[in-house]
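Dear colleague,

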Amino acid sequence: MIDTKRLQTIKKIYHRVLEKDVIPFWLQNSLDEKNGGYYNYLDRDGEVLSRDKSVWLQNREMWFFSKIYNEIEHREDWKDAAALGYNFIGKHCLDNDGRMFFLVDEQGRKLRKRRYWLTDTFAVLGFSQYSVASGDYKALRAARRSFDKIIDLYEKPEGLEPKFFIENRSMKALVAPMLLMSTAQEIRQVDKDYTEKYNKVIDTCICEVKNNFYKKEEGALLETVLSDGQILNNPEGRIVNPGHSIETSWFLMNEALYRKDKDLFYLALEILNCSYERGWDNEYGGILTFTDLWGKPSPRLEWDMKFWWTHTESLFAMLLAYIATQDDSYLAKYEKLHKWTFDYFPDCEYGEWFGYLHRDGSISSQIKGSEWKGTLHLPRLLLNGINCIDNYSQIGAIFG
């Protein structure tokens, strides 16, 4: 039987963290009221460390303020904060080819554009949620355009200059089907007229994960494989990123719940179980950033660090697995993760969470915002966790 008392306690914790620590920190420190958009590079106390703006994080913060407006409370200051990002992004962050820049300056002048389309996935999330918050149909059309551009590049990768000499070695990365699947799931919630279109994209992503990246016999979901799905036996080819693997598992769980597909759900649990086993640090606790498929030394110097996003993704995956299966072993793993995460990442003095810890939990960097750390992973854990707990009876009825 599911522990409803514990679920309600977790829900209260999540509400408190969201409303007392996370929302005030970004609302008070990141808004650029003069130029529009958001400052992303923030010190522990919220001091702006750089006025350049990561477009990756402009999109995520537009999503964040839209999402809390849509799901927590219709507060005008949250809606205004979302509009600050929407207008800045629409005016400054889209190139003539329909793709996003990666970095702009304080005023929105272009500084950098990457060959990848990953930044554009978060434009889809932000535009689609803003369309709900604002009722502006133009925002939904913008989400569709960005999504279509991503699909075009995903299906025709020759449209991007290759990173390697692909005639000698052709590789593909888990991040592409993983992010594309979650992006399609997000816009599908809003754009009901094109459900079947998004379902087909998700089908493709599931097949990629299942048939090319998941190595059942090895008990691992790999970060990169050869283009035919084979393992490349070198340090990069053997990398397992437990955070990405576990994040992928809950994307798959969500899809299985949406489709009422037990086989897909059990695949997701397999990936969750083996990824957690590989990632958990038996010496210090917490989830390692990288491991090697065959236990060899990792080429990534940060392999033994503990990142905030790895832990938020793992917490939600374990929570969802517990609610769906009512298996106490997932609650036990959740509790172990919860204790380690809440012991080390929160900043009780200034709010929000530290992002980067050493292996033993000591702080590596005090920054709260950077080119990569912003308003996605922690708020998404809190919002999804609250929603999951609110709907535990429906979720448990499918797979419990």
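Below are some notes on aromatic rings and on charges over rings.

The model is predicted, so local features need pLDDT of at least 70 and side-chain atom pairs count only at pLDDT 80 or more, while totals for chains, interfaces and linings use all residues. Residues are numbered from 1 along each chain as its sequence is written, and side-chain values use heavy atoms, with hydrogens and water left out.

A search of the whole structure finds 19 aromatic pairs, where rings of Phe, Tyr and Trp (its six-membered ring) pair if their centres lie within 6.5 Å, and planes under 30 degrees apart count as stacked, over 60 as edge-to-face and the rest as tilted. One of them joins Trp56 and Phe122, whose ring centres are 5.1 Å apart with planes at 50°, so this pair is tilted. Because Trp56 belongs to helix α2 and Phe122 to helix α4, the pair ties together parts 66 residues apart in sequence (helices are DSSP runs of H or I, at least four residues, numbered from the N terminus). Trp56 and Phe122 are both buried, meaning under 20% relative accessible area with a 1.4 Å probe, protein chains only.

Tyr86 and Tyr130 form a stacked pair, 4.4 Å centre to centre with 20° between the planes, and both residues are buried. Ring pairs also link Trp340, Phe342, Tyr344, Phe345 and Trp353 into a cluster.

Finally, Lys53 lies over the face of Phe88, 4.4 Å from the ring centre, and the charged end of Lys368 sits over the ring of Phe354, 5.3 Å from its centre; a charge sits over a ring if NZ of Lys or CZ of Arg is within 6 Å of the ring centre and within 35 degrees of the ring normal.

Definitions and conventions. Helix = DSSP H or I, 4+ residues; strand = E, 2+ residues; numbered from the N terminus. Buried < 20%, exposed > 50% of the residue type's maximum accessible area, 1.4 Å probe, protein only.
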